[in-house]
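Visitor: I have a chain on the screen and some questions about it. Can you walk me through the model?

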Amino acid sequence: GKKVEVELLPLLSTKPASLEQRALRAVASLALAAGDLDRARDYAERAERTDPNPNGQAGALLIQAEVFAARHNIHRAVTLCEAILQSRTIDFYKAKAEAMRQRLVAPITQSVVATPQPTMSIAPNTQVVQLLQAQPE
């Protein structure tokens, strides 16, 4: 995770904004998977603020919701999921948000509290790094 971050972040200033936003979401996902909740939230918030696309914003909000869920701030996580459901994003992100919201409002069991369940696959991160490295400066 941190290796990708070290390789990726210096390249961002020379790349198109859309790649920057994807890279920020990718680093946030990696940080979440590694359990670094502060870093995950920071990068997801940066991605959300800089992405005018509702789908990119929804992806970043889902990562933030996972962070809040992992910190047992269920109210904030549900609020973020509801924001996605009210947004102009595609059905894919709305389905992810609804599934997370349902999981969070279900009766609390040990499996719900144990660990965050990533909302997106980590695999595309390698593609983001390759895209950034392949882009001419």
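## A walk through the helices

Guide: Start with Gln 21, which is buried, at a relative accessible area of 7%. The model is predicted.

Visitor: Which helix does Gln 21 lie in?
Guide: Gln 21 counts as buried because its relative accessible area, 7%, falls under 20%. Leaving aside residues up to four places away in sequence, Gln 21 touches Ala 47, Thr 50, Asp 51 and Pro 52. The element that holds Gln 21 is helix 2.

Visitor: How many helices and strands are there in the chain?
Guide: From the N terminus on, the elements run α-α-α-α-α-α-α-α. The strand count is 0, and the helix count is 8.

Visitor: What percentage of the residues in the chain is buried?
Guide: The chain exposes about 7300 Å², and carbon and sulfur atoms supply 54% of that area. The chain has 137 residues, and the buried share is 39%.

Visitor: Among contacts between residues at least 6 apart in sequence, what percentage join residues at least 24 apart?
Guide: Contact here means heavy atoms within 4.5 Å. Of the contacts between residues at least 6 apart in sequence, the share joining residues at least 24 apart is 62%.

Visitor: Is Leu 30 buried or exposed?
Guide: Leu 30 has its place in helix 2. Leu 30 and Ala 40 are 10 residues apart in sequence, and their C-alpha atoms are 7.5 Å apart. The relative accessible area of Leu 30 is 13%, under the 20% cut-off, so Leu 30 is buried.

Visitor: Are helix 2 and helix 4 roughly parallel or roughly antiparallel?
Guide: Helix 2 covers residues 17-33, and its axis comes within 10 Å of the axis of helix 4, with a crossing of roughly 20°. The crossing is left-handed. From helix 2, the contact uses Arg 25, Ala 28, Ser 29 and Leu 32; helix 4 brings residues including Gly 56, Gly 59 and Ala 60. An angle under 35 degrees counts as roughly parallel, so helix 2 and helix 4 are roughly parallel.

Visitor: And helix 3 with helix 4: roughly parallel or roughly antiparallel?
Guide: Helix 3 (residues 37-50) packs on helix 4 at about 155°, and the axes are 8 Å apart. The crossing of helix 3 past helix 4 is left-handed. Among the contact residues are Leu 37, Ala 40 and Ala 44 of helix 3, with Ile 63, Val 67 and Phe 68 of helix 4. Angles over 145 degrees count as roughly antiparallel, so helix 3 and helix 4 are roughly antiparallel.

Visitor: How do helix 4 and helix 5 run: roughly parallel or roughly antiparallel?
Guide: Their axes come within 8 Å and cross at roughly 165°, in a left-handed crossing. The contact includes Leu 61, Leu 62 and Ala 65 of helix 4 and Ala 77, Leu 80 and Cys 81 of helix 5. The angle is over 145 degrees, so helix 4 and helix 5 are roughly antiparallel.

Visitor: What does Leu 104 touch, not counting residues up to four places away in sequence?
Guide: The residues touched by Leu 104 are Ala 69, Ile 74, Ala 77 and Val 78.

Visitor: What is the relative accessible area of Ala 95?
Guide: Ala 95 is found in helix 6 (residues 91-105). The C-alpha atoms of Ala 95 and Leu 85 are 8.3 Å apart, across 10 residues of sequence. Ala 95 is partly exposed, with a relative accessible area of 48%.

Key: Residues are numbered from 1 along each chain as its sequence is written. This is a predicted model: local features need pLDDT of at least 70, side-chain atom pairs count only at pLDDT 80 or more; totals for chains, interfaces and linings use all residues. Side-chain values use heavy atoms; hydrogens and water are left out. Helices (H or I, at least four residues) and strands (E, at least two) are DSSP runs, numbered from the N terminus. Buried means under 20% relative accessible area, exposed over 50%, partly exposed in between (1.4 Å probe, protein chains only). Accessible areas come from the Shrake-Rupley method with a 1.4 Å probe; for residues, only the protein chains shown count as cover. Axes are lines fitted to C-alpha atoms, for helices over the stretch in contact, and angles run from 0 to 180 degrees between N-to-C directions. Angles under 35 degrees count as roughly parallel, over 145 as roughly antiparallel, 65 to 115 as roughly perpendicular and the rest as oblique. A crossing is left-handed if the near helix is turned anticlockwise from the far one by less than a right angle, and right-handed if clockwise.
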